[in-house]
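Student: Please take me through this fold step by step, and tell me how each feature should be read before you apply it.

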Amino acid sequence: MKKLSLVICVFNEEPNIKPLSEQIKAALGGIDFEAIFVDDGSTDNTRSEILNINDDRFILVELKRNYGQSSALQAGIDQAEGEYIALIDGDLQNDPADIPRMLQMIEQDNWDMVAGVRANRKDGMFLRKIPSKIANYMIRKSTGTKMKDLGCTLKIFTRETIKNIHIYGELHRFIPVLITLEGATRITQTDVNHRPRKFGTSKYSLNRTTKVLSDLFLMLFFKKYLQRPMHCFGGLGIITLGIGVLINFYMLVLKIIGHDIWGKPLLLLGILLVMGGIQFITTGIIAELQMRTYFESQQKKPYRVKRVVSAVKTE
């Protein structure tokens, strides 16, 4: 088994491949490592540049089309065989020279994850830094994950920690939250070097904001109701149904005493609330059945054991 697996997702990063590979070799010269480049459907000569590295420590995983960063990361993690697995961007903004120090931290102090925090970030203020700070603040407050820079790709994990999660959709931004849900409690962060992009174009756009907000709601659901979805949908359903029943009962009383209630907005609201409440409860039942299928079909446990220790006292 290799000491370290480095997972690098690239999409149209042709001019960055050679300098990045040289920096990796220089930084990790004394470490038994493998570097896995995941080509996420590039349309330039990125694949050729990776093959031209001509070093058996470097591996190309070529995806059939562009799946997005989360799926590409998962493909690299699935391929990784190292005792520790590190993630790094392929645009030269992360510095491979930070990896040996982070590897030493995770080994010596038995961390589950060491995450990078981009010190003196070399990005635009209004399009990158400010939206990033707002997103990080919202995620910290909502999920309770005390991470300063969730957008920094540079992270290193123990093999068990990262292999226990599945990254899909756009959830690569929430990896610390996902590993926490799987029982990883020993996580820390450290300042890392951040460099301006020299070659290629950024894949960042402001439409990520809506994706982050959508995924944030998903993370909140995962954190609170993943194993008990009925408590979420059932609770909403009972409240909605109850309000609807009360409104309809009130309208029935008005009808009995002779008032004309047909077409009144309150009557329509009561009917909609009753229907909505029934749908919420039904959704909760279906979600509950799906979660049981998810755990039982894969023989997954709804818990993680940290350790089992004999109660016998040793002298």
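Tutor: Helices here are DSSP runs of H or I with at least four residues, strands are runs of E with at least two, and both are numbered from the N terminus. Keep in mind throughout that this is a predicted model. Read in that way, the protein has 10 helices and 7 strands.

Student: Which residues of α9 are buried?

Tutor: An α-helix has 3.6 residues a turn, so residues three or four places apart point the same way. In α9 the buried residues are P229, C232, G234, G237, T240, G244, I247, M251 and L254.

Student: How does the span of helix α1 agree with its 14 residues?

Tutor: The end C-alpha atoms of α1 (residues 14-27) lie 21 Å apart, and this agrees with expectation because 14 residues at 1.5 Å each should span 20 Å. Its buried residues are N16, I17, L20, S21 and I24, and these pack against β1, β2, α2 (46-51), β3 and β4.

Student: Is the pairing of β1 with β4 parallel or antiparallel?

Tutor: β1 and β4 run parallel and are joined by 6 bridges; I8, for instance, has I88 as its bridge partner in β4. On the other hand, β4 pairs with β6 (residues 155-158) in the antiparallel sense, over 4 bridges.

Student: Why can β4 be called largely enclosed by the rest of the structure?

Tutor: Buried means under 20% relative accessible area. For β4, 5 of the 6 residues are buried, so the strand is largely enclosed by the rest of the structure. As for β6, K155 and F157 point one way while I156 and T158 point the other, and all of them are buried.

Student: How many residues does the largest nonpolar core have, and which have the most contacts inside it?

Tutor: The largest nonpolar core has 31 residues, and V38 and I175 are those with the most contacts inside it. At least two residues each come from β1 (4-10), β2 (33-39), α3 (69-79), β4 (84-89), β5 (113-119), α7 (175-181) and α8 (208-225). Apart from this core lies another, of 29 residues, which includes L4, L6, I17 and Y84. To see how V38 is surrounded, set aside residues up to four places away in sequence: V38 then touches V7, I8, C9, V10, V61, L63, A72, A75 and G76.

Student: Is F222 buried or exposed?

Tutor: F222 lies in helix α8, and F222 counts as buried because its relative accessible area is 14%, where the cut-off is under 20%. Beyond its neighbours within four places in sequence, F222 is in contact with Y168, L178 and L181. F222 and V177 are separated by 45 residues in sequence, yet their C-alpha atoms are 9.4 Å apart in space.

Student: For the protein as a whole, what percentage of its residues count as buried?

Tutor: Of its 315 residues, 42% count as buried. The accessible surface comes to about 17800 Å², and 57% of it belongs to carbon and sulfur atoms. Among contacts between residues at least 6 apart in sequence, 79% join residues at least 24 apart.

Definitions and conventions:
Residues are numbered from 1 along each chain as its sequence is written. This is a predicted model: local features need pLDDT of at least 70, side-chain atom pairs count only at pLDDT 80 or more; totals for chains, interfaces and linings use all residues. Side-chain values use heavy atoms; hydrogens and water are left out. A nonpolar core is a set of buried Ala, Val, Leu, Ile, Met, Phe, Trp, Tyr and Cys residues joined through side-chain atoms within 4.5 Å. Buried means under 20% relative accessible area, exposed over 50%, partly exposed in between (1.4 Å probe, protein chains only). Contact means heavy atoms within 4.5 Å. Two strands pair if DSSP finds at least two bridges between them. Accessible areas come from the Shrake-Rupley method with a 1.4 Å probe; for residues, only the protein chains shown count as cover. The expected span of a helix is 1.5 Å times one less than its number of residues.
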